[in-house]
Amino acid sequence: MEPVSITAGRLHLRPWEPADVDVVLRGCVDRETQRWAQVPRPYTRAHAEDFVGRHVPKSWADGSELFWAVCDAATGVPLASISLHAGRPGVREIGFWCLPEARGAGVVTAAAHAVARWAFAELGLVRLEWAAEVGNAASLRVAVKAGFTFEGRRRASLRPPDGSRPDGWWAARLPGDGPDGVAPALPDPGTLTATTRAGDALRLRRWQTGDVAALTEAVAGARDALRPRPGATPEEQARWWVTERSAEDWAAGVGAPLAVLDDAGPVGSLQLLLEGRRAGVAEVGVWIAPRARRRGTAVAAITAMLAWAEPALGLARVEWHAAAGNAASLALADQLGFVREGVARAAFPAHEGQPRGDSVVLARLLR
């Protein structure tokens with residue numbers, strides 16, 4: 001297969017060349033690339049020389065792997081790497097890494113769009129796949145922005161150079177997906193604001209990797225606040241919620257978890273469960289740190305979230321499910337205008353040796 005270059009607006013994609021050794025080395029020794037990308041660990045100059053001098057031309061020649069340097073079209077300076085790896089007939093997998101100075105500028109997203117369009121048109125692909133180790137939220141965000149639909153988690157599905165077999169997140173883009181077809185991603189709320197009855201200023205936004213340490217402190221005083229599994233430590237709860245559950249729910253479109261922050265950091269988490277979104281229905285979940293309770297934090301935050309969610313997600317009905325004996329949750333739902341509709345018997349799963357529990361079902365109509 002003859003090497004191909006692709007021009008896409010401000011970017012020019014060309015095959016990596018022997019003169020790019022220093023750039024490849026710098027990109028592959030970067031901490032984030034070493035943490036997540038399928039590159040040797042540690043990465044040496046010999047690896048970079050072999051990659052640009054032997055592996056890239058050989059892989060283009062036999063069509064097994066197509067590697068491009070993603071360059072600034074005006075200056076020719078490399079900013080990232082993107083590749084297509086052969087799989088089943090009609091299917092390839094996309095891979096990428098980005099130099100630190102180019103991150104956050106949409107470089108890889110734009111390159112992924114360009115490569116996908118070229119691959120569907122020139123290679124006749126029926127499916128383009130993306131995979132990353134569970135927890136790589138940055139790569140997942142790029143994939144979703146580039147039109148890939150999150151399809152779930154596969155256990156022990158990845159094989160990094162260190163010989164481990166971690167779980168992987170998987171997504172795919174079909175010829176009609178993305179900006180040239182249907183965009184599957186949920187809208188990003190940006191930053192929402194609210195004020196509690198005690199006068200505390202709140203911000204609501206999506207969870208970020210940097211929130212893990214502060215959330216760990218916030219959940220330390222509440223037993224199993226986020227519940228990844230029984231007996232999880234506060235740090236395990238926080239890391240799971242921020243890097244796995246939250247990112248996975250947004251990408252799959254089944255949930256919209258939001259961090260609730262005051263001036264000192266995270267004070268809670270809100271969740272809209274969206275399995276019923278097609279019918280205009282969602283369910284509210286909430287957890288507030290002990291230090292922010294009895295100040296109107298939950299009421300203010302949920303009110304702001306629902307004001308965004310009704311038009312943004314097309315919701316008509318929001319439900320609230322509370323354990324029959326959870327007086328605090330039922331009182332909060334009443335304050336927010338939810339109306340009790342009945343009891344769902346044995347709706348809550350067994351937990352810590354306790355039998356399944358009944359759930360009081362409440363709802364609020366938004367329109």
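Student: In which loop is Ala-156 found?

Tutor: Ala-156 is found in the loop between strands β7 (149-154) and β8 (168-173). Helices (H or I, at least four residues) and strands (E, at least two) are DSSP runs, numbered from the N terminus. The structure is a predicted model, in which local features need pLDDT of at least 70 and side-chain atom pairs count only at pLDDT 80 or more, while totals for chains, interfaces and linings use all residues. Residues are numbered from 1 along each chain as its sequence is written, and side-chain values use heavy atoms, with hydrogens and water left out.

Student: Why does Ala-156 count as partly exposed?

Tutor: Buried means under 20% relative accessible area, exposed over 50%, and partly exposed in between (1.4 Å probe, protein chains only). Ala-156 counts as partly exposed because its relative accessibility is 34%. Thr-196, by contrast, has a relative accessible area of 4% and is therefore buried. Of the 367 residues of the protein chain, 49% count as buried.

Student: Which residues does Thr-196 touch?

Tutor: A contact means heavy atoms within 4.5 Å. Leaving aside residues up to four places away in sequence, Thr-196 touches Leu-202, Arg-295, Gly-296, Thr-297 and Ala-300. Thr-196 itself is in the loop between β9 (192-195) and β10 (201-205). Its C-alpha atom is separated by 5.4 Å from that of Ala-300, although the two are 104 residues apart along the chain.

Student: How are two aromatic rings described?

Tutor: A pair of aromatic rings is described by the distance of the centres and the angle of the planes. Rings of Phe, Tyr and Trp (its six-membered ring) pair if their centres lie within 6.5 Å; planes under 30 degrees apart count as stacked, over 60 as edge-to-face and the rest as tilted. By this rule there are 7 aromatic pairs. One of them joins Phe-51 and Phe-67, edge-to-face, with 5.0 Å centre to centre and 85 degrees between the planes. This pair links distant parts of the chain, for Phe-51 is in helix α3 (residues 45-62) and Phe-67 in strand β3 (residues 65-72), 16 residues apart. Both Phe-51 and Phe-67 are buried. Elsewhere, Trp-60, Trp-68 and Trp-118 form one aromatic cluster.

Student: How are two packed helices described?

Tutor: Two packed helices are described by the angle between their axes and the distance between the axes. Axes are lines fitted to C-alpha atoms, for helices over the stretch in contact, and angles run from 0 to 180 degrees between N-to-C directions. Helix α6 (residues 212-219) packs against helix α7 (residues 234-252) at an angle of about 130 degrees, with the axes 8 Å apart. This makes α6 oblique to α7, since angles under 35 degrees count as roughly parallel, over 145 as roughly antiparallel, 65 to 115 as roughly perpendicular and the rest as oblique. The residues making the contact include Val-212 and Leu-215 of α6 and Ala-238 and Trp-241 of α7.
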